[in-house]
Amino acid sequence: MKEERLKLLSPCFLRLLGCGSMDFLTEISTVRALMMSEMESEYLERDQMQSISLQDELLQHFLREEAVIGTEYNAQLLKTLLAHISSVEVAKFAEKFSTARSCVIKIVEPQVHASLEDLKELVLKVNTLEEEKSIPPWNEELTREGTIGQSPEPGIITDKVEHPGICSTEVIHSDDTLSCCKYTDFLDDQTDRDKVDNIKEQIFELQISLSKLIHELEELEGKLEMHSKSDILLPEISLKKQFKADGSLELDLVLAIAQCHDIFLCPYEVSHMTLRDHLSAPGAKIFRVRVVPGKKIFKDLSEDVSIRHKKYIVPQRRKSLSLEPDLRKMSPLGKFVIAGIIECIFRLHRYGLSLNGKFSLDSFHITASKKVKLDAQLKSLVCCRNPDNMKIDYASIPTVIMQILSLYGDSFPIPFDLQRLLDLLSCEDPVSYEVIIRYNVSLMDEIGKRDHFIILFDRLQQIEKEDEQKGMKNYRLKEVLKYIVAADNDDWRDKLHINSFVEMVRQRHLVDSKKIPDGAMDLLKTWRHNFTHLHEVSNEIQDKDQADILDSIEPGVINQFQQGMHSIMEIDIPHLIKTMKM
């Protein structure tokens, strides 16, 4: 690889031989600047490349299998590699160009004057200077800064005449010369092309800077890895020696703990606080009340009638009021905290470790970088994971959530989205649901919920077609629909009129129910239909409102759909990761 880089400078090696150390460095910088200048000129004139040059590149590719990399990549390659070629590498490689090893001298002159003896004498002189390290540095040609000794006095404009008829301006100068200026669109396209070239050049410069930053980052990561092995692993090894006598901590376990350093709180980490203190601060709320756009409630007007005489009693009837009811759900802080707790346990299992449920709310901290981490003291309680203690870990998370709820008293009921998550954590085998526990719908934002539902529904329709083609009689479809328990009762159809916007979607876009095989599929299609058309019926509806509108009608449908798709192993993990980062 080094020789490939050094071959870039091979045309200029002959003048580098025999230089002193300082002169050698000067010559390298001169050659580097020269090559950079030539490269930049070639890059700027890449659109004017002659076909003969491309022909030569293709010819060398055919004869010598040399790569045809193009002007842009060649400029990027030169600019990246030239900065890393050292004088030691050049000096070592330049030895291959001495007259004793490999040398071809070609003399070109208009008339024959040089003889073989002259050439031998010149080579002998160069070899002598080279051995003595006395080759002088390159003398740059000095050029005068200007050819005119004293600049003339500039003239001034004495008069100006506008000619609106021909859209031109006539200017008279102080030396009685006259010039006419007229704006045209000639070469406007050339100006635009110049702008594009400038932008491309700036992009090229940014790419070079990015490559340098990546190189520096790789060096820092290497140093950080060495630092981590020396400063993080060593304390764990001493911990191993401390517990080795009673056999409570084995070496493999210690090495696994060292790998998950980011899960536990670092002893040297500053500006962190316990999760309990953070949630106890004023203004820290894990729940919020959401006003759903378009939702209506009904109230008997007879309750408001002040005259109770039988003759004047108004018959009971219902009327839509403007009062909009509340939707209780987790706040962004609540989702962040619970997702952080689940993430710690999930990652701990991925490293082959478990806490066997030996953690509580006081075991979690929040750092200055907004990360939830476990207390460092818990490292002494870890054990190798197995299915049983993994279940215990997940079953202990609801206990921590209940401890969080106790900070806010009993006045606020558990919202539906948190209840769906607690149901998964408290089931008989939460390990089998760990993927949708970690990437649960309840922990997504409203836009993420909508996008996740649409992707799952499109995949379900594709599965339905695949099963029909294979003659499987919609086996996987029926398995998914079993989880849509919200469709067991048909009252969800009657609830659609609760929201005026959903009612408008239903009236404008009637869903054909003749071909629908099941009530659960009918519900999913209704949800998919509203996610597509809700924003069309009113400008009041934002993207983040759509999931709340449907949750206010029948909460938990998206959670049930996610669980059903997980049962047939049709959950796209990369999509979930992207959705959770929205």
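Me: Which residues are linked in a network of salt bridges?
Reply: The network of salt bridges joins Arg288, Lys329, Lys335, Glu446 and Asp548. The model is a predicted one, in which local features need pLDDT of at least 70 and side-chain atom pairs count only at pLDDT 80 or more, while totals for chains, interfaces and linings use all residues. Residues are numbered from 1 along each chain as its sequence is written, and side-chain values use heavy atoms, with hydrogens and water left out.

Me: What makes the contact of Asp362 with Arg276 a salt bridge?
Reply: A salt bridge requires a side-chain nitrogen of Lys or Arg within 4 Å of a carboxyl oxygen of Asp or Glu. The closest N and O atoms of Asp362 and Arg276 are 2.6 Å apart, and therefore the pair qualifies. Asp362 lies in the loop between β9 (353-354) and β10 (364-366), whereas Arg276 belongs to helix α10 (residues 275-280), and the two are 86 residues apart. Helices (H or I, at least four residues) and strands (E, at least two) are DSSP runs, numbered from the N terminus.

Me: How many salt bridges does this rule give?
Reply: The count comes to 17 salt bridges. One of them joins Arg438 to Glu343, at 2.6 Å from N to O. Arg438 sits in helix α14 (residues 434-438) and Glu343 in helix α11 (residues 332-350), 95 residues apart.

Me: How are the three strands β1, β2 and β3 arranged?
Reply: These strands form an open sheet in the order β1-β2-β3, with antiparallel pairing. β1 (157-163) and β3 (178-182) are the edges: each has a single partner strand, so one side of each is left without a neighbour in the sheet.

Me: How do you know that β2 and β3 are paired?
Reply: Two strands pair if DSSP finds at least two bridges between them. Strand β2 (residues 168-173) and β3 share five bridges, and therefore they count as an antiparallel pair. Val171 stands opposite Ser179 in β3.
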